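Hi,

Here is the structure for your set. My notes follow below it.

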Amino acid sequence: MTVQPSSRPRVGRSSGVGRLLITVYAILALGAAGRSVVQIIERFDTAPLAFTLSAIAALVYIVATIALIAPGPVWNRVAWIAIGFEAVGVIVVGALSIAMPELFPEATVWSVFGKGYLFIPLVLPWLGLWWLASVRASERVAATSGAV
């Protein structure tokens, strides 16, 4: 029995829109990491919560970038977790930075829902979750049609 290749292209997390998401995540990872390292080294005592949250955001962006690139079900799960955490983080930190600004004497990546980053941190996780769901749906269709 000869296995015929599928005429339907296989959709992966790092193809199509995924490439754009990976690029944006990588840029945010570099920006957030650089910013948080400088802030922590130069003046951590002025805003320890804000700078720690910026470092956490940078770590989340790094993990999400890697998870979107790396193949396999484990990395798919890591992508869901990282991007889901990011979505919750930007909402919680954004709301707290408005409701309790005294907690944030200096801005974080997620302050005011990512205002300092053109609100990209607010929009990006929702696009990422949508993309992961789209890839999952296309993989299910391919599996049920025998085109895996």
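How many residues does α3 have, and what does it reach from its first C-alpha to its last? Helix α3 has 27 residues and reaches 39 Å, close to the 39 Å expected at 1.5 Å a residue. The expected span is 1.5 Å times one less than the number of residues. Helices here are DSSP runs (H or I, at least four residues), numbered from the N terminus.

Some ground rules. This is a predicted model, with local features needing pLDDT of at least 70 and side-chain atom pairs counting only at pLDDT 80 or more, while totals for chains, interfaces and linings use all residues. Residues are numbered from 1 along each chain as its sequence is written, and side-chain values use heavy atoms, without hydrogens or water.

Now the packing. Helix α2 (residues 48-69) and helix α3 (residues 73-99) have axes that come within 8 Å and cross at roughly 150°. Axes are lines fitted to C-alpha atoms over the stretch in contact, with angles from 0 to 180 degrees between N-to-C directions. The pair is therefore roughly antiparallel (over 145 degrees). Contact (heavy atoms within 4.5 Å) involves, among others, Leu53, Ile56 and Val60 of α2 and Trp75, Val78 and Glu86 of α3.

Buried means under 20% relative accessible area, with a 1.4 Å probe and protein chains only. In α3, the buried residues include Asn76, Ala79, Glu86 and Ser97.

Last, Gln39. Gln39 lies in helix α1 (residues 17-43). Gln39 counts as buried because its relative accessibility is 5%. Beyond neighbours within four places in sequence, Gln39 is in contact with Phe44, Phe51, Ser54 and Ala107.

Best wishes

How values were computed. Helix = DSSP H or I, 4+ residues; strand = E, 2+ residues; numbered from the N terminus. Parallel < 35°, antiparallel > 145°, perpendicular 65-115°, else oblique. Buried < 20%, exposed > 50% of the residue type's maximum accessible area, 1.4 Å probe, protein only.
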